[in-house]
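Hi everyone, thanks for coming. Let me put a structure on the screen and walk you through a few of its side chains.

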Amino acid sequence: MKHLLTYLTGLIFGLGISMSGMANPAKVLNFFDFAGTWDPSLMFVMGGAVMVSFFGYRALFQRYETPAFEPRFVVPTSRVIDAKLVGGSLVFGVGWGIAGFCPGGALPALGSLDANVWVFFVALVAGIFAAKFMMKFTAAKAARRAA
């Protein structure tokens, strides 16, 4: 049942991304083109997503003490804005602005078999592995310094 619900959630997300046009990099890039063909629709899609999430999470946490298939809700508690958060946000935003894809929009677009989407996806996976390597490397370096 857990896997079926996970699949259905991903299907709904993918349909929403596709129907809103957010799997189309031209639509995303036009949002960033203030001097040319600016398209504000991304702002409305994001605003709608934030509103649904805000009210959905409030209702969820008021109604249920634990999730259906896990022992507890896993919610970030840190409110620290540090260099890691800002740097990651900058890299995400620059990559989104250059490619026109964010990971959420690119995954449903893989089904289009567009080579640009696949190049982005391969670069995304390589970036994930590079980030994990860098985090392990810096943690090991910090541990050696502390010893």
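Which residues do ring pairs link into a cluster? They are F31, F32, F34, W38, F92 and W96. Before I go on, a word on where this comes from: it is a predicted model, where local features need pLDDT of at least 70 and side-chain atom pairs count only at pLDDT 80 or more, while totals for chains, interfaces and linings use all residues. Residues are numbered from 1 along each chain as its sequence is written, and side-chain values use heavy atoms, with hydrogens and water left out.

Back to the rings. Searching the whole structure turns up 11 aromatic pairs. Rings of Phe, Tyr and Trp (its six-membered ring) pair if their centres lie within 6.5 Å; planes under 30 degrees apart are stacked, over 60 edge-to-face, and the rest tilted. Take F92 and W96: their ring centres are 5.9 Å apart and their planes stand at 50°, so this pair is tilted. Both sit in helix α4 (residues 83-99), four residues apart, which is about one helical turn. Helices here are DSSP runs (H or I, at least four residues), numbered from the N terminus.

Buried means under 20% relative accessible area, exposed over 50%, and partly exposed in between, with a 1.4 Å probe and protein chains only.

Now to the charges. How many salt bridges does the structure hold? Two, each being a side-chain nitrogen of Lys or Arg within 4 Å of a carboxyl oxygen of Asp or Glu. In one, K2 meets E70, with the closest N and O atoms 2.5 Å apart. That pair links distant parts of the chain, 68 residues apart: K2 is in helix α1, and E70 is in the loop between α3 (41-63) and α4. K2 is partly exposed at 38%, and E70 is partly exposed at 40%.

K27 and D39 make a salt bridge too, their closest N and O atoms being 3.2 Å apart. K27 lies in helix α2 (residues 25-32) and D39 in the loop between α2 and α3, so the bridge ties together parts 12 residues apart in sequence. Here K27 is partly exposed, at 22% relative accessibility, while D39 is buried, at 19%.

One last stop is L8, in helix α1 (residues 2-20). L8 has 35% relative accessibility and so counts as partly exposed.

Conventions:
Helices (H or I, at least four residues) and strands (E, at least two) are DSSP runs, numbered from the N terminus.
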